[in-house]
Amino acid sequence: MSDDFRDILRRRAGVDDEGFLRDLAERLAGVRGVVAVALGGSRAWGEHRPDSDWDLGIYYRGRLDVEGVRGLGFSGQVFAPGDWGGGVMNGGAWLDVDGRRVDLVYRDLDDVERWWTEARAGRFAIERLPFHLAGVPTYLVVGELARCRVLAGALPRPDFPDPLRRTAHHEWHSAALLSVGFAEAAFAAQGDPLGCAGNLARAVMEEAHARLAARGEWALNEKRIVAQAGLAHLRWRFATLGAGPDELGAACAEVRAALLDER
């Protein structure tokens, strides 16, 4: 296949993707309660692979008509608000749309605006969420507004508040040091590589959150934040943690030193 023909195929795929997005957003925006639809995730930030999912935020006020979402006729699973336990992860859907994997995430705008108000005052909470080592900060939903691509309706574009830079850095950094301390005292000293590795991994994620917050950068998931925060070298330390108290203790000391070195 010639390079010119590959370029034609890529351009056609881009056009098809734009048409797909436009049509899907229009249909979702017609569901009762929806006030805006936005593209998020790696495709909104230009970091996607060809096989990446399509992540769409469904912003609504009042009551979202879940039956209206189901009525669009896409195959997959549609959940109601609250089905995912509430909090930051409110609910959504996992769909197959024209052969594309589409994840819908519900966002109650009243709730988002409440967390935005808290973030402007430097306040936030950290919620436990499956698949996240350090949990997720409630200002995640504010960061989504800042980084998403609006497809239908209108959404605000928040800046990273200065008070949040200070408090988020302090709280995440303090949590990271506590996690390292617990890894040392409760697991490394006993020669327990499982508990030691788990706590050290959480510490690295927590410190990544701390450093990105200090820089005023929104961290919306854990996939790339370690590298973004300049801590990528610590990932490879986990391949050689060892098993005995001395080896595990040395690993803890190395991670602690890296967390304290904020150059």
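Begin by selecting strand β2 (residues 54–60), where 6 of the 7 residues are buried, so the strand is largely enclosed by the rest of the structure; buried means under 20% relative accessible area with a 1.4 Å probe, protein chains only, and strands are DSSP runs of E with at least two residues, while helices are runs of H or I with at least four, each numbered from the N terminus. This is a predicted model, in which local features need pLDDT of at least 70 and side-chain atom pairs count only at pLDDT 80 or more, although totals for chains, interfaces and linings use all residues. Residues are numbered from 1 along each chain as its sequence is written, and side-chain values use heavy atoms, with hydrogens and water left out.

Strands pair if DSSP finds at least two bridges between them; β1 and β2 pair in the antiparallel sense over 6 bridges, with Gly 57 of β2 as the bridge partner of Ala 38. Strand β5 (residues 100–108) runs parallel to β2 and is joined to it by 7 bridges, and here Tyr 60 stands opposite Asp 108 of β5.

Now turn to helices α4 and α5, whose axes, lines fitted to C-alpha atoms over the stretch in contact, come within 8 Å and cross at roughly 100°. The two helices are therefore roughly perpendicular to each other, a term for angles of 65 to 115 degrees. Select Val 112, Trp 115 and Trp 116 in α4, which meet Val 141, Val 142 and Leu 145 in α5, where contact means heavy atoms within 4.5 Å.

Finally, show Cys 196, which touches Ala 183, Phe 187, Ala 188, Leu 248 and Cys 252, not counting residues up to four places away in sequence.

How values were computed:
Axes are lines fitted to C-alpha atoms, for helices over the stretch in contact, and angles run from 0 to 180 degrees between N-to-C directions. Angles under 35 degrees count as roughly parallel, over 145 as roughly antiparallel, 65 to 115 as roughly perpendicular and the rest as oblique. Buried means under 20% relative accessible area, exposed over 50%, partly exposed in between (1.4 Å probe, protein chains only).
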